[in-house]
Amino acid sequence: MKFERIKPGVLFRTPWHKEHLFYKVPDPQPWPELGPCSACGTIAVWNARAVETDRLVHFCRNEEVIPVKVEGGRGNG
């Protein structure tokens with residue numbers, strides 16, 4: 001699934017770091033000094049957060065991610 005299709009708050013993994021969890025933030029944060037992402041041009045570069053470290057991270061809109069279902073609760077996505 002493409003990152004742009006993930007809803008804010010939904011947990012997801014990446015195909016290359018399956019042990020790390022992330023979630024899409026509802027209010028992406030720009031970093032004016034950095035400028036837009038060189039790969040996709042997105043200005044709101046901090047659009048997700050790493051669950052383990054609580055750090056803001058960037059995912060390109062067309063980047064592939066894997067939604068994670070939460071055990072015992074409603075599925076995400």
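The side chain of glutamate 19 makes a polar contact with the side chain of histidine 20, at 3.3 Å. A polar contact here is a pair of N or O atoms within 3.5 Å; within protein, one must be able to donate a hydrogen and the other to accept it, and residues adjacent in sequence count only if both atoms are side-chain atoms. Glutamate 19 lies in the loop between S1 and strand S2 (22–29). Glutamate 19 is exposed, with a relative accessible area of 54%. Exposed means over 50% relative accessible area, buried under 20%, and partly exposed in between (1.4 Å probe, protein chains only).

This is a predicted model, in which local features need pLDDT of at least 70 and side-chain atom pairs count only at pLDDT 80 or more, while totals for chains, interfaces and linings use all residues. Residues are numbered from 1 along each chain as its sequence is written, and side-chain values use heavy atoms, with hydrogens and water left out.

**The sheet**

Five strands form an open sheet in the order S4-S3-S2-S1-S5, with antiparallel pairing. Which strands stand at the edges? They are S4 (56–57) and S5 (66–67), each with a single partner strand, so one side of each is left without a neighbour in the sheet. Strands are DSSP runs of E with at least two residues, numbered from the N terminus. Two strands pair if DSSP finds at least two bridges between them.

Strand S1 covers residues 11–13 and is joined to S5 by two bridges. Here arginine 13 stands opposite isoleucine 66 in S5. S1 also pairs with S2 in the antiparallel sense, over two bridges. Leucine 11 has tyrosine 23 as its bridge partner in S2.

Tyrosine 23 is partly exposed, at 26% relative accessibility. From tyrosine 23 to tryptophan 46 the separation is 23 residues in sequence and 11 Å in space, C-alpha to C-alpha.

S2 and S3 are antiparallel too, and four bridges pair them. Lysine 24 stands opposite alanine 48 in S3. Strand S3 spans residues 46–50 and includes asparagine 47. Is asparagine 47 buried or exposed? Asparagine 47 is buried, with a relative accessible area of 7%. A polar atom of its side chain lies 2.8 Å from the backbone oxygen of phenylalanine 59.

**Salt bridges**

How many salt bridges does a search of the whole structure find? There are two. A salt bridge is a side-chain nitrogen of Lys or Arg within 4 Å of a carboxyl oxygen of Asp or Glu.

| Glutamate 64 | Lysine 2 | 3.0 Å |

Glutamate 64 is partly exposed, at 35% relative accessible area. Lysine 2 is partly exposed at 32%.

Aspartate 54 lies in the loop between S3 and S4. Aspartate 54 counts as partly exposed, at 47% relative accessibility. Its backbone stands out: aspartate 54 has a positive phi of about 65° although it is not a glycine. Most residues other than glycine have a negative phi.

**The loop between S2 and S3**

Glutamate 33 is placed in the loop between S2 and S3. Glutamate 33 is exposed, at 66% relative accessibility. Its side chain makes a polar contact with the side chain of tryptophan 31, at 2.6 Å. Glutamate 33 and alanine 48 are 15 residues apart in sequence and 19 Å apart in space, C-alpha to C-alpha.

**The largest pocket**

The largest pocket has a volume of about 170 Å³. Which residues line the largest pocket? Among them are Thr14, Trp16, His17, His20, Phe22, Glu52 and Phe59. By class, the lining has six nonpolar, five polar and one charged residues. Ala, Val, Leu, Ile, Met, Phe, Trp, Tyr, Cys and Pro count as nonpolar, Asp, Glu, Lys and Arg as charged, and the others, Gly among them, as polar.

A pocket is an open set of points on a 1 Å grid over the protein atoms alone, where a 1.4 Å probe fits, with protein on both sides within 12 Å along at least five of seven lines; lining residues have an atom within 4 Å of a point. The volume is the space filled by probe spheres set on the points.
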